[in-house]
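I opened the notebook to go through the aromatic rings, then a helix and the strands around it. Here is what I looked up.

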Amino acid sequence: MEKKSKPTFYITTPIYYVNDVPHIGHAYTTIIADALTRFQKLAGKDVFFLTGTDEHGQKIEKAAAEKGLTPKALADAVVGRAQDLWKALNISHDFFIRTTMDFHERGVQKLFQRLLDQGDIYKGEYKGWYCVSDENFLAEDVPADKEGGKACPDCGKKAIVVSEETYFFRLSAYQEKLLAHYAAHPGFVRPQSRMNEVASFVRGGLKDLSITRTTVKWGVPVPGDPAHTIYVWFDALHNYVTGIGYDWNMPLFEKFWPATVHLVGKDILRFHAVYWPAFLMAAGFALPGTVFGHGWWLKDDTKMSKSRGNVLDPQAILKTFGPDPLRYFLLREIPIGQDGNFSHEGFLHRVNSDLANDLGNLVQRTLTMVRNYFGGVIEDPEAESAKDGRLRTEFEALKNRVFGLYDDSSLNRALEEIWSYISDVNRYLAEEEPWILAKDPGRRKRLARVLLQAAAAIRGVSYLLFPVMPGSAEKIWAFLGEEKKPAEILYPEMRFDDFKPGRKTLAPEALFPRVDLKTFLSEEIKVGEEVLAVIEKAGRGPRIDGGESPVPGVEAKKEGMKSMDIITYDEFKRMDLRVAHILKAERIPGATKLLKLEVDIGTEKRQMVAGIAETYAPEDLVGKRLIVIVNLKPAVIRGVESQAMLLAAVVDDKALIPFFDREVQAGAVVK
Ligand code: MSP
């Protein structure tokens with residue numbers, strides 16, 4: 001019988017300039033590619049993931065000369081920085097290409113020769129402005145400055161005039177063909193807004209492209225005319241074909257070409273969505289499915305880049321947290337396509353709140369209970385109630401939604417969905433109160449059901465998280481006594497019900513370290529001082545209460561203070577606090593501690609649930625004026641949606657609300 005071959009998925013990152021120290025911006029592209037790779041493998045595809053380094057060109061030539069090295073010696077000395085970082089980030093690429101590899105150079109020469117022979121490349125004279133830093137000719141319409149010079153519109157550096165004999169690629173001949181391709185394949189460039197930009201650039205007219213240099217020695221020589229070297233972008237783009245075997249392993253090349261997705265930063269979209277498809281059309285190769293242009297990571301609202309001196313080295317973060325928290329943060333924080341601002345506090349917030357609190361605690365608590373109550377064994381439970389069953393049916397629906405979102409590269413939305421389910425599981429445990437069930441020997445089967453249900457949900461969640469947090473998912477599966485690894489189960493075969501009684505679970509270790517801001521920042525002293533200065537300037541002492549703060553787990557080590565959660569003034573400002581008037585108050589059937597309130601917040605009426613029934617009778621509350629947070633994500637408590645939260649002191653387990661002692665208008669801002 002003929003073996004059915006799996007569908008293929010070929011994904012690439014740009015190849016990084018070898019002279020730069022890789023930073024969080026570079027890590028971002030590679031992490032996206034890794035998550036998509038791991039997901040597509042779960043989805044049953046045969047995946048190839050290529051990354052590497054761009055090692056030719058004037059930039060490297062200059063950097064090497066400054067260090068008194070040959071360019072190749074410089075590249076050899078520093079290529080390990082990228083390779084080590086990918087290892088530390090748990091990147092699962094299939095091949096790491098360097099453009100100095102001989103098969104790549106041969107492949108580039110061969111394709112150059114083919115285009116020359118067929119007339120798509122011809123010899124001429126070029127005179128124009130050139131940016132050495134970006135290895136790019138300036139468009140003719142870039143205006144001159146007062147001295148008659150020109151600066152690169154992308155990086156702002158001074159451009160130089162280049163006049164030389166050169167080989168041109170007949171790009172102008174591809175204008176209409178490119179436009180026709182865009183029209184027939186609207187998903188060729190993502191996001192859609194960038195497709196429009198690219199198409200309008202092409203519609204504006206394409207000139208032939210100079211693709212060789214006589215002034216740059218460090219590059220692939222033009223076959224038969226070695227005074228010329230091939231332009232670094234023509235050379236670099238072809239890594240996508242040579243990296244999967246073009247000209248040296250043709251069966252592999254034929255299996256994976258064309259690429260499914262080229263992931264690139266928005267700054268290099270034009271090279272990938274205009275020049276590259278034109279080169280490919282000329283060579284007679286099929287075009288890639290999608291060029292996905294992602295946004296930039298900014299620091300202090302400017303693009304992180306070496307020339308601006310604001311790069312963040314991921315090594316400090318990796319040393320403290322390992323790869324998964326950084327992978328999670330970068331993918332969760334922004335959709336691919338948008339820019340994101342990297343802040344240490346934002347990062348810590350996500351780690352402490354989403355990872356340590358929501359997920360880490362859930363795993364820890366559940367498995368500790370299985371261990372304490374059942375010696376670590378998942379025991380035979382009572383039959384599922386409708387509520388228990390909801391965790392299962394919700395999981396199956398979640399799985400399908402997450403599948404669709406991952407498949408669409410909507411990684412941040414997939415993670416949001418997963419976290420909403422994690423909240424449901426946490427709520428289930430809070431409501432079923434297994435610690436109370438454990439006190440009643442007659443309810444052991446019920447207790448077994450609640451813990452089985454929670455553990456099965458945790459198994460499901462970690463499976464869904466595997467593409468983004470592979471190390472943590474594998475650890476959780478090992479804690480759960482799972483024999484297989486998540487990567488061994490295909491997506492359609494993943495079922496909630498496969499978690500069955502009889503398993504022996506392990507004692508969980510802490511999954512995510514709780515790190516205090518100061519320790520974290522001592523890795524990056526400069527940034528640390530800035531952050532602490534902001535806190536001092538804002539004049540806010542750290543919180544000493546045990547309540548939930550936007551940065552739970554952050555400690556400041558001042559004498560006499562136990563454990564404090566520090567937030568910045570900016571984070572505090574994000575809370576919308578208003579004066580509210582209580583219009584109605586009533587008990588919630590079956591809930592002894594809760595009251596349902598209807599409040600007027602000036603602009604509208606809101607319903608809220610508050611744990612104040614033990615301190616206040618409903619009839620005493622109507623007409624009272626208090627402070628509520630109005631921009632907190634609504635939560636459903638005991639089946640009632642709570643659309644705001646009040647502030648109260650907790651004394652001897654009782655909530656005491658600070659009411660206003662005089663008339664104050666509903667909706668007044670509290671700051
Ligand atoms: N060597 C070329 C690519 C050739 S691909 C055939 C190059 N290298 S680069 O090292 O400068 O950039 C590589 C990638 O990193 C680009 O996609 C770029 O957008 C991305 N990033 C660099 N800084 C970035 C941020 N601050 N944020 C997100 N990505 C950014 O260009």
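**Rings first**

I began with tyrosine 246, which is buried at a relative accessible area of 4%. A reminder to myself that this is a predicted model. I then looked at phenylalanine 285 and found it buried too, with 14% relative accessibility.

I counted the aromatic pairs next: the structure holds 42. Tyrosine 246 and phenylalanine 285 make one of them, edge-to-face, with 5.5 Å centre to centre and 70° between the planes.

Which residues form one aromatic cluster with Tyr246 and Phe285? I noted Tyr10, Phe48, Tyr240, Phe253, Phe256, Trp257 and Trp276 alongside those two.

**A second pair**

I went on to tyrosine 328, which counts as buried at 0% relative accessibility, and to tryptophan 419, buried with a relative accessible area of 5%. Their ring centres are 4.7 Å apart and the planes stand at 40°, so I logged the pair as tilted. This pair also links distant parts of the chain: tyrosine 328 belongs to helix α12 (residues 323–333) and tryptophan 419 to helix α15 (residues 411–432), 91 residues apart.

**Charges over rings**

The charged end of arginine 459 sits over the ring of tryptophan 477, 4.9 Å from its centre. Lysine 624 lies over the face of phenylalanine 659, with 5.5 Å to the ring centre.

**Helix α10**

Back to α10, to check its length. At 1.5 Å a residue, its 15 residues should span 21 Å, and I got 20 Å between the end C-alpha atoms, which agrees. I did find a bend of about 30° at tryptophan 276, and proline 277 follows within four residues. Tryptophan 276 is also one of the cluster members I listed above.

Is α10 mostly covered or mostly open? Mostly covered: I have 13 of its 15 residues down as buried. After the helix comes glycine 284, with a positive phi near 80°.

I moved on to β13, where 5 of 5 residues are buried. Thr290, Phe292 and His294 point one way from the strand, while Val291 and Gly293 point the other way. That made me recall that side chains in a regular strand alternate between the two faces of the sheet.

Which strands pair with β13? Strand β12 (residues 261–265) pairs with β13 in the parallel sense over 5 bridges, and I found glycine 265 partnered with histidine 294. Strand β7 (residues 189–190) also runs parallel to β13, joined by 2 bridges; there, arginine 190 has phenylalanine 292 as its bridge partner. I also noted that β12, α10 and β13 make a right-handed β-α-β unit.

**One more sheet**

Last entry: an open sheet of 3 strands, in the order β15-β14-β16, with mixed pairing. Its edge strands are β15 (302–303) and β16 (340–341), each pairing on one side only. I looked at strand β14 (residues 297–299) against β16: they pair in the parallel sense over 2 bridges, and leucine 298 stands opposite asparagine 341 in β16.

Terms used: Residues are numbered from 1 along each chain as its sequence is written. Side-chain values use heavy atoms; hydrogens and water are left out. Rings of Phe, Tyr and Trp (its six-membered ring) pair if their centres lie within 6.5 Å; planes under 30 degrees apart count as stacked, over 60 as edge-to-face and the rest as tilted. Buried means under 20% relative accessible area, exposed over 50%, partly exposed in between (1.4 Å probe, protein chains only). A charge sits over a ring if NZ of Lys or CZ of Arg is within 6 Å of the ring centre and within 35 degrees of the ring normal. The expected span of a helix is 1.5 Å times one less than its number of residues. The bend at a residue is the angle between axes fitted to the seven residues ending there and the seven starting there. Two strands pair if DSSP finds at least two bridges between them. A crossover is right-handed if, with the strands pointing away from the viewer, the path from the first strand over the helix to the second runs clockwise.
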